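Please look over the sequence and the model before reading the comments. They are written for a reader who is new to structural description.

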Amino acid sequence: MMATVSHLSLLFLLSFFTTAFNFAESQSFIGVNYGQVADNLPPPAATASLLKSTAIGKVRLYGADAAIIKALANTGIGIVVGAGNGDIPNLASDPNAATQWVNSNVLPYYPASNITLITVGNEVMSSMDQGLISQLLPAMRNVQNALNSVSLGGKVKVSTVHSMAVLTQSDPPSSGLFNPVFQDALKGLLQFQKDNGSPFAINPYPFFAYQSDSRPETLAFCLFQPNAGRVDSGNGIKYLNMFDAQVDAVRSALNSMGFKDVEIMVAETGWPYGGDSNEVGPSVENARAYNGNLIAHLRSLVGTPLMPGKSVDTYIFALYDEDLKPGPASERAFGLYKPDLTMTYDVGLSKTSQAQTPSTPSTTPSTSPSTPLPKPTATGWCVPKNGVSDALLQANLDYACSHGIDCGPIQPGGACFDPNTVSSHASYAMNLYYQTMGKNPWNCDFSQTAVLTSTNPSHNPCIYPGGST
């Protein structure tokens, strides 16, 4: 028994200190979109200070605002700058225009400002503008050549950003295919990106998937909440969240065209905290659950079923609300932070704060962020609430064990296999997930089927990691 206890304790300590270290550092796979369609944004220097206080490792700009790029100098934060759709014809037709663009928007700031990627155009394919689509690759080539001419080729990459509409099929993920209308253009783009090592940038939004299928089970699937999962009929893989399913559909589409080596970057994903009364899905609770659980998923380094063992670089939409954006109210309610630099809601990005427990998923819009819950004084252990059904506990068990924790102790022969019940196994797995993911109260949410307790649930010879802080 002593050897088992020591082994488990060592595993927990290593996991705890690794997690604690990660939370205190910026994380390269967590990015944020910094849109500027607003008239109330804080000064760039204030935003730079805010970003340095968080785990956000990268920022994506839709343009190349000099003040922002300068403010991010010497922070180490990766910067994505963008050439707009309106720039594409000139960049495509005139190599000197590309040279001028690089000389104006990259060269004066690099390397103090850590510019890593230039996106040429945003969702150009979805515009269905055949003229613009045909000019996209020449524009990207000219920008790449301009970078090469100043010895920045390979240091600053060139890509473009796509919406999920470039796929004609995405369900099940293994059947992911690009729309035949775009395949010829995409083949040239992807060959360019393979040759130059740049990522395929995509904008998956489970929020929009939920709007088209607003069943409760779909909401749980979209919010990374415990759910029954969806089995891919093509390969038998069970998916437990929509984000992984959408990203893997893109992976399958790339693979089917012979571009297995082109990496994927999530250029945008997010969930609005408010919206119009007729919009399905926006609420503070849902936004906090989606973004918070997404961040936990990225931090787990589990990856997706088709790309395991690492996290896809992901840029959350958005840093601030953009109050001048047209469209439904939700378009102006994606911000993680307010113009006064306070959090709209807490998803655990601050290097010093604890994220709060996500509330029950909500299907109705909410435009005013709720008051954060106080942090419990005793963190202890995470266990199932009384009366939770075996079906829900099994979903919790599957969810926890698929997110990078060691469920070996509840396998046959393990120290925690007995009693061999769903309740006992789920209890161990849910607690280990909570302890491993940072011991934030929201890590013990499980769609409000779990509770924190100060009573140690360990039983001979099964030791539950945990305790009060």
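The numbered points below go from the chain as a whole to a pair of helices and then to aromatic rings.

1. Basis of the note. This is a predicted model, in which local features need pLDDT of at least 70 and side-chain atom pairs count only at pLDDT 80 or more, whereas totals for chains, interfaces and linings use all residues. Residues are numbered from 1 along each chain as its sequence is written, and side-chain values use heavy atoms, with hydrogens and water left out.

2. The chain as a whole. The chain has 13 helices and 16 strands; these are DSSP runs numbered from the N terminus, with helices being H or I of at least four residues and strands E of at least two. Of the 469 residues, 54% are buried (under 20% relative accessible area, with a 1.4 Å probe and protein chains only). Among contacts (heavy atoms within 4.5 Å) between residues at least 6 apart in sequence, 72% join residues at least 24 apart.

3. Helices α5 and α6. The axes of α5 (residues 95-105) and α6 (residues 130-149) come within 8 Å and cross at roughly 55°; axes are lines fitted to C-alpha atoms over the stretch in contact, and angles run from 0 to 180 degrees between N-to-C directions. That makes α5 oblique to α6, since angles under 35 degrees count as roughly parallel, over 145 as roughly antiparallel, 65 to 115 as roughly perpendicular and the rest as oblique.

4. Residues between these helices. Pro95, Ala98, Thr99 and Val102 in α5 meet Asn142, Val143, Ala146 and Leu147 in α6.

5. Phe224 and Phe243. Rings of Phe, Tyr and Trp (its six-membered ring) pair if their centres lie within 6.5 Å; planes under 30 degrees apart count as stacked, over 60 as edge-to-face and the rest as tilted. By this rule there are 17 aromatic pairs. In one of them, the ring centres of Phe224 and Phe243 are 6.2 Å apart and the planes lie at 40°, so the pair is tilted. Phe224 lies in the loop between α9 (216-222) and β9 (230-231), and Phe243 in helix α10 (residues 242-256), 19 residues apart. Both Phe224 and Phe243 are buried.

6. Tyr273 and Tyr345. This aromatic pair is edge-to-face, with 6.5 Å centre to centre and 65° between the planes. The pair links distant parts of the chain, 72 residues apart. Tyr273 and Tyr345 are both buried.

7. An aromatic cluster. Phe224 and Phe243 also belong to one aromatic cluster, whose members include Tyr205, Trp271, Tyr290 and Phe334.

Definitions and conventions. Buried means under 20% relative accessible area, exposed over 50%, partly exposed in between (1.4 Å probe, protein chains only).
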